[in-house]
Amino acid sequence: ITVPLCASPSINMHSFARFRPVAPILLRGCNPCCRSFSAQAPRKISAPDFIDKLGQDVQVLDVRESAEFKDVHVKGAAHIPLTSIRLGSTVLGDKSKPIYVLCRSGVRAETAAQLANESGFDAVVVEGGTQAVQKANPSLCEGGASKVWSLDRQVRFTAGAMVLGGVLGAHAFPAAIILSGAVGGGLMFSAVTDTCAMGNVLMKMPWNK
């Protein structure tokens with residue numbers, strides 16, 4: 001199933017006249033575990049150089065989760081969470097033009113850009129992500145309605161709380177230490193496979209809608 005970008009309530013492609021609305025092109029979802037480690041890394045661009053290109057006919061894609069996007073995002077950016085790109089087919093944009101990909105700081109954007117490039121797009125990672133753009137020129141960003149923590153911050157807090165709970169609980173119930181070990185193993189698996197089961201669960205919570 002493919003869903004046009006304009007169907008998402010998060011997207012306002014007309015709020016920033018310098019951006020061209022993206023044309024529908026199919027992007028195949030891909031399990032990152034199946035990708036070759038030798039695949040060429042996507043190109044990168046600094047936040048100041050990216051800002052210089054905003055006066056041109058460009059495509060901008062934000063791959064953060066909904067709560068993060070609502071909090072602050074570059075004006076006119078299309079919104080498709082990285083989790084949605086990984087899960088299956090989705091609509092990205094025009095293959096004839098570069099797509100500048102943003103997340104919070106650049107890590108998720110690199111994964112999304114790699115997936116896009118494997119499907120024939122010319123995806124470029126904006127180094128430092130939305131944070132860097134906002135710092136360089138706050139007027140290019142909008143939002144501020146959401147006070148929800150970013151998803152990666154929620155994951156760190158939840159994982160830390162579970163590890164601490166397991167350690168403290170082990171004084172009364174020795175088996176509780178298994179919880180801490182399970183979280184540690186889960187984090188290692190998350191790093192190796194470039195996935196995040198805890199993040200997928202947290203993004204379904206009411207406060208992240």
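Reader: Where is Cys-141 placed in this structure?

Author: In this predicted model, Cys-141 belongs to strand E9, which covers residues 141-143.

Reader: Why is Cys-141 called buried?

Author: The relative accessible area of Cys-141 is 10%.

Reader: What makes the rings of Phe-50 and Tyr-100 a tilted pair?

Author: The count of aromatic pairs comes to one. The ring centres of Phe-50 and Tyr-100 are 5.8 Å apart and their planes stand at 55°. Rings pair if their centres lie within 6.5 Å, and planes under 30 degrees apart count as stacked, over 60 as edge-to-face and the rest as tilted. The angle of 55° therefore makes this pair tilted. The pair links distant parts of the chain, with Phe-50 in helix H1 (residues 47-53) and Tyr-100 in strand E7 (residues 99-102), 50 residues apart.

Reader: How do you know whether Phe-50 and Tyr-100 are buried or exposed?

Author: The limit for buried is under 20% relative accessible area. Phe-50 has 1% relative accessibility and therefore counts as buried. Tyr-100 has 8% and so counts as buried as well.

Reader: Why is no salt bridge assigned to Glu-65?

Author: A salt bridge requires a side-chain nitrogen of Lys or Arg within 4 Å of a carboxyl oxygen of Asp or Glu. For Glu-65, which is buried, the nearest side chain of opposite charge is Arg-108, 5.1 Å away. Glu-65 lies in the loop between strand E3 (59-62) and helix H2 (66-71). Beyond its neighbours within four places in sequence, the contacts of Glu-65 include His-79, Arg-108 and Met-203.

Reader: What makes up the largest nonpolar core?

Author: The largest nonpolar core has 18 residues, and among those with the most contacts inside it are Leu-61, Ile-85 and Ala-112. Helix H3 (82-87), E7, helix H4 (107-118) and strand E8 (123-126) each give two or more residues to this core. H4 gives the most, with five residues. Leaving aside neighbours within four places in sequence, Ala-112 is in contact with Val-63, Leu-82, Ile-85 and Val-101. A second, separate core has 17 residues, including Val-72 and Tyr-100.

Terms used: Residues are numbered from 1 along each chain as its sequence is written. This is a predicted model: local features need pLDDT of at least 70, side-chain atom pairs count only at pLDDT 80 or more; totals for chains, interfaces and linings use all residues. Side-chain values use heavy atoms; hydrogens and water are left out. Helices (H or I, at least four residues) and strands (E, at least two) are DSSP runs, numbered from the N terminus. Buried means under 20% relative accessible area, exposed over 50%, partly exposed in between (1.4 Å probe, protein chains only). Lys and Arg count as positive and Asp and Glu as negative; His and the chain ends are not counted. Contact means heavy atoms within 4.5 Å. Rings of Phe, Tyr and Trp (its six-membered ring) pair if their centres lie within 6.5 Å; planes under 30 degrees apart count as stacked, over 60 as edge-to-face and the rest as tilted. A nonpolar core is a set of buried Ala, Val, Leu, Ile, Met, Phe, Trp, Tyr and Cys residues joined through side-chain atoms within 4.5 Å.
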